[in-house]
Amino acid sequence: MSVERMVDDAKTRVPVVSREQLERELEEGSAVVVDVRDVRERWAAGAIPGAHSAPRGMLEFWADPESEYHRGFLQPDRRTILYCAGGKRSALAADALLRLGYADVAHLEIGFDAWKEAGGAVAAVPVPDEYRKG
């Protein structure tokens, strides 16, 4: 099995949202939006305003209410929309949340890069002082 086959398989189960649909849901406040990119990607390119950061490597731990690492913004009964740079990591991440029992999960198939290119809103993500080169 290759990673591309894993992504394709995940996409058979994971609903997608369009840029327009995500913009509506952001405006309504009806969903938790989660950025699964690495923090360095967020620092370099920004993020969708209002999105929470949950790096792909920690997502399952942060999403599981029984985990000692659980983060309160991730709740199995809330609409949750994930995104990454190009739509592959977010498909895998959304599939993982479905397996954890999340009932209403989707991902931004076009990813952040295409979102930004299409004129979607972007907020700067400041680099903490301790990570600045000095």
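Here is a quick look at one arginine and at the aromatic rings of this predicted model.

Residues are numbered from 1 along each chain as its sequence is written, and side-chain values use heavy atoms, with hydrogens and water left out. Because the model is predicted, local features need pLDDT of at least 70 and side-chain atom pairs count only at pLDDT 80 or more, while totals for chains, interfaces and linings use all residues.

Let's start with arginine 79. Arginine 79 is found in the loop between α4 (59-63) and β4 (80-83); helices (H or I, at least four residues) and strands (E, at least two) are DSSP runs, numbered from the N terminus. With a relative accessible area of 17%, arginine 79 is buried (under 20%; exposed is over 50%, partly exposed in between, with a 1.4 Å probe and protein chains only). Beyond its neighbours within four places in sequence, arginine 79 has contacts (heavy atoms within 4.5 Å) that include Val17, Ser30 and Asp104.

On to the rings. Phenylalanine 61 is partly exposed at 43% relative accessible area, and tyrosine 69 is partly exposed at 43% too. Tyrosine 83 and phenylalanine 112, on the other hand, are both buried.

| Charged residue | Ring | Distance to ring centre |
|---|---|---|
| arginine 37 | phenylalanine 112 | 4.2 Å |
| arginine 71 | tryptophan 62 | 3.8 Å |

Notes. Lys NZ or Arg CZ within 6 Å of the ring centre and 35° of its normal.
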